[in-house]
Amino acid sequence: MKHLETQLSETENWNYMAEKVTYKDNILPKNTVKGSQFSQPLFEFSGACAGCGETPYIKLITQLVGDRMMVANATGCSSIYGGSAPATPYCRNKAGQGPAWANSLFEDNAEYGFGMNLGVEQMKIRINDLSLQYEPEGSSAELKALLKEWRENRNNAEKTKELKDKLIPLLEKDNAKSAKEILKLKQYIVKKSIWIFGGDGWAYDIGFGGLDHVIASGDDVNILVMDTEVYSNTGGQSSKATPTAAVAKFAASGKKIRKKDLGMIAMSYGYVYVAQVSMGANQSQYLKAVLEAEAYPGPSLIIAYAPCINHGLRAGMGKSQLEAKLAVECGYWSLYRYNPLLEEEGKNPFILDSKEADYSKFQDFLMGEVRYTSLKKEFPGKADELFKSAEENAKWRLNNYKRLASAGD
Ligand SMILES: Cc1ncc(C[n+]2csc(CCOP(=O)(O)OP(=O)(O)O)c2C)c(N)n1
């Protein structure tokens with residue numbers, strides 16, 4: 001920290017950047033890692049711990065769909081750094097568009113986002129009905145044609161963006177009652193991207209009943225679980241996502257049982273898009289997962305490995321992306337995408353994206369984090385046994401994925 005007076009000269013630089021320098025987001029296609037980074041993040045300057053593994057996942061989503069997204073945020077770190085009033089890291093682009101964000105409770109967030117989606121869908125049904133009412137009532141053939149195009153493409157984000165720009169000027173000068181009513185609902189013309197954010201404590205434990213209900217509903221919502229393997233915001237309590245041997249509150253002598261496989265549960269429905277990702281290990285796989293989840297016309301679940309200050313990284317939080325890479329290389333965490341649309345094409349819906357695990361690095365990975373090394377200090381005898389079963393459990397889990405990936409070969 002430095003004295004404010006010594007830093008105020010930056011104001012001029014900031015204003016120059018904000019007013020004169022524009023985003024060059026049409027240079028490269030947005031659906032590439034490089035291209036996506038030219039887009040304005042609509043999530044910036046959060047109050048998360050330096051090196052937080054969660055925030056980069058959110059930032060990318062806002063770069064891709066932030067101008068039309070709605071977020072239901074479970075209580076946890078992401079709701080605290082996401083909405084610490086009076087400041088918020090969520091912001092708007094030059095056109096005034098940005099994420100609409102709200103936080104309900106720790107225990108009902110999936111339902112909360114589900115309700116947002118129901119509300120938006122209801123408004124779209126109303127626009128649809130009003131547009132049919134315009135047919136006999138209105139006089140503009142051009143408007144009728146555009147409204148028909150909207151009805152046919154209302155779930156196509158890019159198309160609805162194009163149509164909105166054409167529709168609004170025509171609606172504004174039309175005197176028909178239905179046109180006036182549609183205008184009142186103009187913020188629902190563009191297809192919204194509904195997101196449900198939360199941590200593992202919410203998704204695996206407290207909010208699981210709701211999450212399960214929402215994914216089972218088949219509705220088009222996207223869920224991002226930032227898996228820190230503990231309840232981070234309340235000081236690192238153990239959750240069902242905590243793996244074997246990790247020390248956490250309520251698991252002071254190391255977790256004895258294995259981590260729950262939330263992705264496997266979700267995949268069992270067969271109509272839920274599921275991805276397990278780790279940005280530090282493979283940025284392009286995460287980008288693909290977000291684009292596919294967003295485009296999938298049903299529920300999607302992305303489970304993201306997020307290094308956390310609670311893990312006690314030996315290399316420090318400045319290396320959290322590297323830690324996420326090491327986690328995948330040694331087989332501690334795997335990358336996959338399960339896309340039900342592939343099954344419709346007669347293909348295996350499960351794709352294992354991570355390369356062959358190098359288990360020789362597994363124990364070294366554990367020794368790079370205090371949540372594991374502290375077990376060795378406290379309970380040296382028990383520790384080795386638990387570290388061994390941590391590795392066996394990781395292998396067991398990865399073998400399940402390998403079986404799925406080779407099904408039908
Ligand atoms: C029903 C209920 N129990 C407990 C809390 C207190 N609480 C707030 S956030 C949180 C932990 C959240 O952990 P997680 O979902 O893993 O998210 P993270 O902080 O790791 O991002 C808890 C226990 C609460 N808000 N409501």
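How much space lies in the largest cavity? In this predicted model, the largest cavity holds about 240 Å³ of space, and the legends below take up that cavity together with other parts of the structure.

**View 1. The largest cavity and its lining.** The structure holds 1 cavity of 30 Å³ or more. Its lining is made up of 19 residues, and those nearest the centre of the cavity are Pro243, Lys259, Tyr332, Ala394 and Arg397. Helix α18 gives the largest share of this lining, with 7 residues. Sorted by class, the residues that line the largest cavity are 9 nonpolar, 5 polar and 5 charged.

**View 2. The largest pocket and the elements around it.** About 810 Å³ of space lies in the largest pocket, which is lined by 37 residues, with Leu64, Val65, Arg68, Glu158 and Lys161 the closest to its centre. Helices α4 (55–65), α6, α8 (157–172) and α13 (283–295) each contribute at least two residues to the lining of this pocket. The lining of the largest pocket comprises 14 charged, 12 nonpolar and 11 polar residues, and at least three of its residues come from each of domain 1 (113–188) and domain 2 (229–406).

**View 3. The two assigned domains.** The domain assignment of the chain places domain 1 at residues 113–188 and domain 2 at residues 229–406.

**View 4. The open sheet of 8 strands.** The strands of this open sheet follow the order β2-β1-β3-β4-β8-β7-β9-β10, and their pairing is mixed. Strands β2 (100–103) and β10 (350–352) stand at the edges, where each has a single partner strand, so one side of each is left without a neighbour in the sheet. From one strand to the next, the twist averages 15°.

**View 5. Strands β7 and β8, with the helices that pack on the sheet.** Strand β7 (residues 273–277) and strand β8 (residues 300–305) run parallel and are joined by 5 bridges; Ala275 has Ile302 in β8 as its bridge partner. Helix α4 packs on the sheet, where it touches β1 (69–73), β3 (193–199), β4 (222–227), β7 and β8, and the direction of α4 makes about 175° with that of β3. Helix α18 (residues 380–406) also packs on the sheet, touching β7, β9 (336–338) and β10, and the direction of α18 makes about 125° with that of β10.

**View 6. The contact of helix α6 with helix α11.** The axes of α6 (residues 109–137) and α11 (residues 208–217) come within 7 Å of each other and cross at roughly 35°. On the side of α6 the contact involves Ala110, Glu111 and Phe114, which meet Gly210, Leu211, Val214 and Ser217 in α11. By class, the residues of this contact divide into 4 nonpolar, 2 polar and 1 charged.

**View 7. Gly280 and its surroundings.** Gly280 is placed in the loop between β7 and α13. With residues up to four places away in sequence left out of the count, Gly280 touches Gln321, Ala324 and Lys325. Between Gly280 and Phe38 there are 19 Å in space, C-alpha to C-alpha, while in sequence the two residues are 242 residues apart.

Conventions:
Residues are numbered from 1 along each chain as its sequence is written. This is a predicted model: local features need pLDDT of at least 70, side-chain atom pairs count only at pLDDT 80 or more; totals for chains, interfaces and linings use all residues. Side-chain values use heavy atoms; hydrogens and water are left out. Axes are lines fitted to C-alpha atoms, for helices over the stretch in contact, and angles run from 0 to 180 degrees between N-to-C directions. Helices (H or I, at least four residues) and strands (E, at least two) are DSSP runs, numbered from the N terminus. Contact means heavy atoms within 4.5 Å. Ala, Val, Leu, Ile, Met, Phe, Trp, Tyr, Cys and Pro count as nonpolar, Asp, Glu, Lys and Arg as charged, and the others, Gly among them, as polar. On a 1 Å grid over the protein atoms alone, a cavity is a set of points where a 1.4 Å probe fits but cannot get out, and a pocket is an open set with protein on both sides within 12 Å along at least five of seven lines; lining residues have an atom within 4 Å of a point. Grid points are joined across faces, edges and corners, and a volume is the space filled by probe spheres set on the points. Domain bounds come from an automatic or database domain assignment. Two strands pair if DSSP finds at least two bridges between them.
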